[in-house]
Each structure stands twice: as structure tokens, then as C-alpha cells.
Amino acid sequence: MSKKLNIDPINTWIKNDSDPLIISGPCSAETYEQLRETCKQLKSHGINLMRAGVWKPRTRPGTFEGNGEDALKWIADIKEELDVQFTVEVANTSHIELALKYGIDILWIGARTTVNPFSVQEIADAIKGTDTPVLIKNPINPDLSLWMGALERINTAGITKMGAIHRGFSMTGKSKYRYVPMWKIAIDLKSNMPNLPVICDPSHICGNRDMIFETSQKALDLGYDGLIIESHIDPDNAWSDAKQQVTPDVLSKIKSDLKVKTKREDDKSYKHLLDEIREGIDDVDKEIVDIISKRIELVKKIGEFKKEQDLTTFQVDRWNEVFKSRIDWAIEKGLEKDFIEDLYKVIHLGSINVQNKIINKKKANSKI
Ligand code: PEP
Ligand code: MN
């Protein structure tokens with residue numbers, strides 16, 4: 001369900017000279033020198049909004065869990081010296097009190113906190129009335145409602161300077177990503193909350209520095225409002241997330257290689273061309289819907305037959321044959337294998353549901 005949040009445009013609360021907007025800094029504030037040097041170099045590359053973890057949510061205990069209040073003191077000094085803004089992760093009331101005491105500009109809610117409505121509500125209650133900007137990462141599990149719920153709780157607390165961070169989702173199975181992006185969830189978020197700024201976190205999505213550029217470019221192509229990328233003066237020796245951090249110099253190269261596409265289409269000369277192509281897409285979509293409805297009619301016929309013959313809805317040999325041949329046909333047409341596999345899984349599930357309804361419908365004169 002679409003929900004209009006009361007949100008201030010991002011350029012009214014983030015001082016930003018860089019296009020695209022890039023937030024950068026280390027995964028963790030490790031030492032004063034490490035943080036200051038990283039920020040100094042970032043600033044020289046035109047980055048004005050720094051990130052740093054002060055309390056680190058580590059999966060297992062016994063690893064570095066952040067420098068807490070000491071790191072906030074370093075941040076306050078560095079902010080004054082370099083005239084930059086800072087964002088840090090907060091997860092409870094005492095984090096918020098301390099972050100605000102040291103003048104942190106923007107708070108962020110981490111993926112492991114967004115999953116818990118009690119924690120999000122605690123944060124919402126603690127920042128009520130402060131007008132502090134808040135960025136909310138997606139929950140670690142792929143659940144759009146939880147993400148929206150967290151955004152609504154913060155907005156309902158009167159926070160209007162807010163945005164979402166897409167950092168990918170924890171999934172089982174092999175993937176080239178550390179946290180699978182599942183772009184559709186972020187796109188659905190944007191269509192449900194159109195005025196919400198959405199920032200991509202390619203560092204946590206990728207989990208390795210080599211894929212950061214391509215993932216950032218993809219996010220910009222999808223119209224994201226900015227990027228948050230981890231950087232460190234000595235990434236390989238970072239105390240957390242070493243593989244995914246880049247040096248400020250590499251970050252600067254990424255920034256200059258990225259192409260920012262225009263989001264506004266209406267005042268451009270290619271508007272009529274776009275309209276023409278879209279009309280073509282509308283026609284094709286009508287045909288797709290017609291064809292699907294024809295397919296469903298045939299599926300219903302088979303459903304009636306299976307009902308009469310007492311056959312099960314799912315016939316594994318037939319399905320394997322359908323699945324394989326459709327993919328072969330699609331590959332011949334130059335379509336992506338993954339795309340057609342996903343599409344056929346949905347079509348098959350829809351067909352099974354239609355047949356199940358027919359098979360389970362009681363005969364008009366049946367007593368049970
Ligand atoms: C981080 O940004 O360093 C972090 C811990 O993020 P996430 O909540 O996305 O894991
Ligand atoms: Mn990190």
C-alpha cells in the first residue's frame with residue numbers, strides 16, 4: 001500500500017557538492033589517526049559527508065566492537081577541523097543520546113536493527129522532537145514491509161529528514177554478492193514511497209572492492225539518490241570489513257568514472273521518442289496479457305480433465321520438459337536464461353493454482 005511520508009528533499013539537509021551524492025568513510029572508526037587521515041583525503045576529493053561505525057554490530061563476540069564514546073570525541077574534533085558532516089550507526093537510546101551530545105549530523109539505523117520493531121520504536125521515541133536526520137538500512141532479511149514499517153515509525157515520530165539505504169539481503173545459497181541486492185525490493189520501496197530518498201550501499205552488497213564500481217553504476221542507472229561507500233587509508237588492514245573497503249584515491253576514481261543519468265525526461269527533446277517506444281511497450285503488454293489468458297483457458301481445460309481422471313496437478317515429467325524446452329527457445333531468441341527461468345516458475349505456479357482450484361472445487365451434488 002502506497003504511503004506518502006512527510007519528507008524534506010535530501011538536498012535541504014545534506015550539504016553536498018558531489019554529483020552523485022557520495023557518503024564515505026571507514027566501516028569502523030579504529031583510531032583517531034586512521035579516521036582523521038581517511039576523512040582528510042576524502043575531503044580533498046570533494047566528499048563532505050563522512051560515515052564511521054562507532055558501535056559495531058558483529059556477528060560473533062570477541063571481535064572489534066567499536067570505540068564508542070572515544071570515537072565520538074574524535075569525530076567531533078575532525079568535524080570542526082575539516083568542516084564536514086558525519087553519520088554514525090545507532091541502535092538504542094544511549095547511542096542516540098551520545099551521538100547527539102557529540103553533534104553527529106545524521107544517524108543511521110543498521111540492518112540488524114531495522115528487523116526489530118521494538119528497537120526501531122525505541123529509536124523513534126528517543127529522537128522524537130530533535131529534527132535529526134535518519135537513514136534507515138534495509139532489514140537483513142528480504143522483507144519490504146519491515147523496511148517500510150521502520151521508515152513509518154521514524155516518520156511518525158516527526159522526523160522529516162530521512163532516507164533509506166539499500167545494503168542487500170542475507171540469503172542462503174551461493175552468490176557473487178555478500179548480501180544479495182534483490183533490486184526489486186528497493187524499486188518496490190520507491191514506488192510505495194515515491195518521495196523517499198534511496199541511497200545504495202554497494203560495499204555491503206558486494207563484500208569485495210572489485211564489484212563496487214559496477215554495482216554503484218547500476219544503482220545510479222536505476223535512479224538512486226546517492227551512494228554510501230566504505231573507505232579506509234589501509235583497507236587490507238581494516239579491523240572490520242577489510243575486503244570491501246577502498247582507499248580514498250580509489251573512491252575518487254570510482255566517483256569520477258560513474259555516469260549520472262538524468263532523471264527528468266519531460267523537458268528533453270527525446271520525450272516524443274520515449275513516448276513512442278512506451279506506446280509500443282503498451283501494445284506488447286496487451287498482447288502478453290491476452291496470451292496469458294489464452295494459456296490459462298487451456299490450463300483450466302487440463303484441470304477439468306485431471307479432476308475427472310483423478311490425476312495430481314503437478315506432473316513432474318511434463319514440468320521438466322516444459323521448463324527445459326522454454327528455456328532453450330528463449331536462449332535461441334537471445335533472452336537471459338535466469339530471466340526466463342524466473343518467468344516460467346511464476347507462470348507454472350499460477351497454472352498450478354488455477355488447476356488446484358478446479359480440482360478442489362466440490363462437485364455441485366457432492367455431499368462432502
Ligand atoms: C556498516 O555500515 O558498517 C554496517 C554494519 O552496516 P549493515 O547494518 O548494513 O550491516
Ligand atoms: Mn561495514
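## Burial and overall architecture

A residue is called buried when its relative accessible area is under 20%, exposed when that area is over 50%, and partly exposed in between, with a 1.4 Å probe and with protein chains only as cover. By this criterion, 45% of the 368 residues of the chain count as buried. The model is a predicted one, in which local features need pLDDT of at least 70 and side-chain atom pairs count only at pLDDT 80 or more, while totals for chains, interfaces and linings use all residues. Residues are numbered from 1 along each chain as its sequence is written, chains are lettered from A and ligands numbered from 1 in the order in which they are written, and side-chain values use heavy atoms, with hydrogens and water left out.

Taken along the principal axes, the box filled by the C-alpha atoms of the chain is roughly 80 × 55 × 40 Å. The secondary structure comprises 13 helices and eight strands, where helices (H or I, at least four residues) and strands (E, at least two) are DSSP runs numbered from the N terminus. The domain assignment, whose bounds come from an automatic or database source, divides the chain into domain 1 (10–257) and domain 2 (268–366), and the C-alpha centres of these two domains are 41 Å apart.

A polar backbone atom of A111 is 2.8 Å from an oxygen atom of ligand 1, and a polar side-chain atom of K56 lies 2.9 Å from an oxygen atom of the ligand. In the side chain of E230, an N or O atom is 3.2 Å from an oxygen atom of ligand 1. Ligand 1 exposes 300 Å² when taken alone, and the protein buries 96% of that area, as computed by the Shrake-Rupley method with a 1.4 Å probe.

Because E230 lies in strand 8 (residues 226–230) and D241 in the loop between strand 8 and helix 10 (248–257), the pair ties together parts that are 11 residues apart in sequence.

## Loops and positive phi angles

Most residues other than glycine have a negative phi. D83, which is not a glycine, has a positive phi near 55°, and D83 is located in the loop between helix 2 (68–82) and strand 3 (85–90). D131 also has a positive phi, of about 60°; this residue lies in the loop between helix 5 and strand 5 (134–137) and is partly exposed, with a relative accessible area of 43%.

The loop between strand 8 and helix 10 contains D236, which is exposed at a relative accessible area of 57%. The C-alpha atom of D236 is 9.7 Å from that of T247, 11 residues away along the chain.

## Buried helix residues and distances along the chain

L35, in helix 1 (residues 32–44), is buried at 0% relative accessibility, and its C-alpha atom is separated by 61 Å from that of Q355, 320 residues apart along the chain. I123, in helix 5 (residues 117–127), likewise counts as buried at 0%. Between the C-alpha atoms of I123 and K294, which are 171 residues apart along the chain, the separation is 52 Å.

Technical notes: A polar contact is a pair of N or O atoms within 3.5 Å; within protein, one must be able to donate a hydrogen and the other to accept it, and residues adjacent in sequence count only if both atoms are side-chain atoms.
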